[in-house]
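Hi,

Here's the structure I said I'd pass along. Have a look, and my notes follow below.

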Amino acid sequence: MEYVGIVTQQRRNNIRTFVLLFLFPCLVTGLVYLFCFLLGWLQWGNQPEVDLYEEVGILFVRSAPFAIGGVLLWFVIAYFVNVSVINAATGAKPLTRKENMRVYNLVENLCMTQGMRTPKINIMYDDSLNAYASGINESTYTVTLSQGIIEKLNDEELEGVIAHELTHIRNRDVRLLIVSIVFVGIFAMLSQITLNIFLRSPRVRSRNNKNNGVVVIILIALVVSAIGYLFASLMRFAISRKREYMADAGAAEMTRNPLGLANALRKISGNPTLTSVTRKDVAQLFIAAPCAKTKTALLGFSGLFATHPPIEKRIEILENF
């Protein structure tokens, strides 16, 4: 597999991050207008004497600054507290040098060969085999390893896994993924909040005609939130799964031992599931999907939307590297 190089990959990820950050306010603005239009159509659609688009425009101008400003503020807060959120979602805890000198030696040796600043090291106290990198800058970059992966891999295999995660940091994949996680999470939360309001509201269960307007408004908000979540998810899937292949190639180049990572992936494939990780957005950070797969009739179709490429294919490429 051709490795395009660290500078090229960093540039590509910087561009993708910029595009996501640009599309985010655009999508929010479009959804606010859609909400205003549906609300305006509900109120003035049957009144020929009223200029629907003019009224919608006025409603949009009045509401957009508050809606967009609130969502953007939410985005900024979520972006800068992502490390705490991810650690809470994965149960990661700091790993000290005294607790495991072996891991620190492997990480520091690899960083020295690449001229990298050594990231923080965390551990997940779980017997499964998995790992991930996180952070948005040098002060927050972190490599997190499960207890199982530390105990069950030999030095060459563990070095390959660590090199894979360090490559994600070098390529700035982690920052790109953090943006996508926050991006999708906001619309997922809005959809969930609106759905809960709809299901629990006594006005929804009431047959009183006076409540019909409120129900319709909630339904409109739910539809708009769902559309936002769908588009945000598609943007996340647009961040190519190629990043995992690139990190594998980077690890092979860094360690000069592609079989080390290939053997590690083979062991990881047997037990990657972390019971504590249930959030699909956070799951995309891991070296292998940590969530248990559910067998459904649409399993083949859902593979199109997987955040990780088939691990067997990754092993094959590494063995022929």
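First, something to look for: with which side chain does the side chain of His164 make a polar contact? Keep in mind that this is a predicted model. The partner is Asp248, and the two side chains meet at 2.7 Å.

His164 sits in helix α6, which covers residues 155-170. Its relative accessibility is 0%, so His164 counts as buried. Besides Asp248, the residues in contact with His164 include Glu244, Ala247, Ala251, Leu261, Ile287 and Arg314, once neighbours within four places in sequence are left aside.

Now the cores. The largest nonpolar core has 40 residues, and Phe24, Val28, Val32, Tyr132, Phe187, Leu285 and Phe286 have the most contacts inside it. Two or more residues each come from α1 (6-44), α2 (52-80), α3 (82-90), α7 (173-200) and α9 (212-238). Apart from this core lies another, of 39 residues, with Leu261, Ile268, Ile287 and Leu318 among them. Two of those names, Leu261 and Ile287, are also on the contact list of His164.

Back to Val32 for a moment: not counting residues up to four places away in sequence, Val32 touches Phe60, Ser63, Ala64, Ala67 and Ile68.

Tyr132 takes us to the strands. It belongs to β3 (residues 131-134), where Tyr132 and Ser134 point one way and Ala131 and Ala133 the other, all of them buried. β3 runs antiparallel to β4 (residues 142-146), and 4 bridges join the two. Within β4, Thr144 is the bridge partner of Tyr132.

Cheers

Notes
Residues are numbered from 1 along each chain as its sequence is written. This is a predicted model: local features need pLDDT of at least 70, side-chain atom pairs count only at pLDDT 80 or more; totals for chains, interfaces and linings use all residues. Side-chain values use heavy atoms; hydrogens and water are left out. Buried means under 20% relative accessible area, exposed over 50%, partly exposed in between (1.4 Å probe, protein chains only). Two strands pair if DSSP finds at least two bridges between them. A polar contact is a pair of N or O atoms within 3.5 Å; within protein, one must be able to donate a hydrogen and the other to accept it, and residues adjacent in sequence count only if both atoms are side-chain atoms. Contact means heavy atoms within 4.5 Å. A nonpolar core is a set of buried Ala, Val, Leu, Ile, Met, Phe, Trp, Tyr and Cys residues joined through side-chain atoms within 4.5 Å.
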